[in-house]
Amino acid sequence: MIAIYDTTLRDGSQSESVQFSVEDKLRIARRLDLLGVDYIEGGWPGANPKDEAFFARAKDLKLERSRLVAFGSTRRAKVKAEDDTVLNALLAAGTGVITIFGKSWPLHVTRALGIAPAENLELIFDSIRHLKARTDQVFFDAEHFFDGFKADPDYAVKALMAARDGGADGLILCDTNGGSLPGEIAAIMRQIALPDVRLGIHCHNDGGLAVANTLAAVECGATQVQGTINGLGERCGNADLTTVVANLLLKMGRHARLGVEGLPRLTGVSRFVDEMCNRSPQKNQPFVGASAFAHKAGVHVAAILKDPVTYEHIDPEQVGNERRILVSEQAGRSNLVHKFREMGILDVDPNDPRLQDLLNELKELEFRGYQFDAAEASFELRVRKALGQLPEYFLEQGFRVIDNRMVRDDGAWIMGAEATVKLVVGGQPVHFVGEGNGPVDALYTVLRRALEWHYPAINTVTLVDYKVRILPQALGGRSGTGSMVRVLIEWRDEERSWGTVGVSEHIIAASYAAIMDALIFKLYKDGATPAV
């Protein structure tokens, strides 16, 4: 049985540009408990007001599967354990489980702490003995253990023995600088002979090997793995628990409290934590990334449709993910046929010449800069149009956008935009003018006004996200400020969400194309009666 120890709320919060609020930390703790990790390291009590507030509010958390952990250091030199503010703050947190770290590398003992090596061993022993007498479980993080072992193996092991003799429930070997190799981790662990002691592993990812090092340690006897969701952490991060846990349970045959029944929650937890970090999920993240089971090459898709094992190492549903078939310049008819099935189009002959025409069109559009991976609404509209299934809801006659910048009496600038659109709806010419905070807002606002009188449901469409990317000159556009741009927009209404794309040398024209796709897609999905 492998214990899963999550330190997202403490070590993970040290990631650059990551700032968890107290409420964020409480919400993440609830999701980790639902996932079923054994331990949730909440922070360092007394180190900062946020962690103080977290532990105060965490006393009302009703965790069902996980145990909350308070983290801190050994006592200070020349200070008795009962008088040490760090140890007292750890006990005051009332978590029942405490983890403290201590030095196991003589370099840090003499240079960072400025004390004799023998005194450091006393700090470790005394701190753990004091805590263990007053709480349920105590773990010892042997900081820089592998670097320490390489420099002075006898002293590194003595640090572990001091913690063991103090009553530690587990000794966690830390690759704090993240520079060790899996072979080194394994070789060192095989040299540690401490009977009846539970060993754990805590790896950083500075060499890109945190997951590999963690799994190597498990193969050599570690029964607790520490890490963070999505590999958050200082510098290059910690071992990514989503990858570690999936490999432990699905590849290595190990058991954990969360079990295989908890694995389908893994992808959801990963994306929730990214949302709390206010960052986009990493698409190519193993197991839980949006691209982890996405297939683009035509040869791959043809094989996947016959047997997923040909290009998938596990069933994506095992980790709560899903298979995605992408359409791109590398796609073949197999990709299109699969996408048709996803859309509910089941009666198209794979040899229908319209498919080849559609494929050629899509490849040409991608060459020009279109990307349909995240804009499946724009893709579906082209499919429906090619198959003669897309009604004509209105006719476009043109648009104009004017940016306004005026100076108020107090000297401050007022920014705004005015948009004009001309359409034909229901055989009637429509000419509307509207204003907005900017050109895209003005254009979207006036298009909704122009259509709402005949299609009132259009008012339920909301813009969720807007992304612009400059495309390389190789795609046919110019360079610099005259470059082609791709606009990706995410939308939602009361029932669904969807993405659209537009490409042009003119950012407003690209935005207009993406907006029009969004509105037409809404009308099609709602089964609106064409007014033309």
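Reply: Two strands pair if DSSP finds at least two bridges between them. Helices (H or I, at least four residues) and strands (E, at least two) are DSSP runs, numbered from the N terminus. This is a predicted model, in which local features need pLDDT of at least 70, side-chain atom pairs count only at pLDDT 80 or more, and totals for chains, interfaces and linings use all residues. Residues are numbered from 1 along each chain as its sequence is written, and side-chain values use heavy atoms, with hydrogens and water left out.

Me: How do you know that E1 and E8 pair?

Reply: Four bridges join E1 to E8, whereas at least two are required. The two strands run parallel, and isoleucine 4 has valine 225 in E8 as its bridge partner.

Me: What makes E7 and E8 a pair?

Reply: Strand E7 (residues 199-203) is joined to E8 over three bridges, in the parallel sense. Glycine 200 stands opposite glutamine 224 in E8.

Me: Why is threonine 8 called buried?

Reply: Buried means under 20% relative accessible area, exposed over 50%, and partly exposed in between (1.4 Å probe, protein chains only). Threonine 8 has a relative accessible area of 0%, and therefore counts as buried. Threonine 8 lies in the loop between strand E1 (3-6) and helix H1 (22-35).

Me: Why is the pair of glutamate 23 and arginine 57 called a salt bridge?

Reply: A salt bridge is a side-chain nitrogen of Lys or Arg within 4 Å of a carboxyl oxygen of Asp or Glu. For glutamate 23 and arginine 57 the N to O distance is 3.0 Å, which means that the pair meets the definition. Glutamate 23 lies in helix H1 and arginine 57 in helix H2 (residues 49-58), so the pair ties together parts that are 34 residues apart in sequence.

Me: Why is glutamate 312 called buried, and arginine 323 partly exposed?

Reply: Glutamate 312 is buried because its relative accessible area is 8%. Arginine 323 has 30%, and so counts as partly exposed. These two residues form a salt bridge, with the closest N and O atoms 2.8 Å apart.
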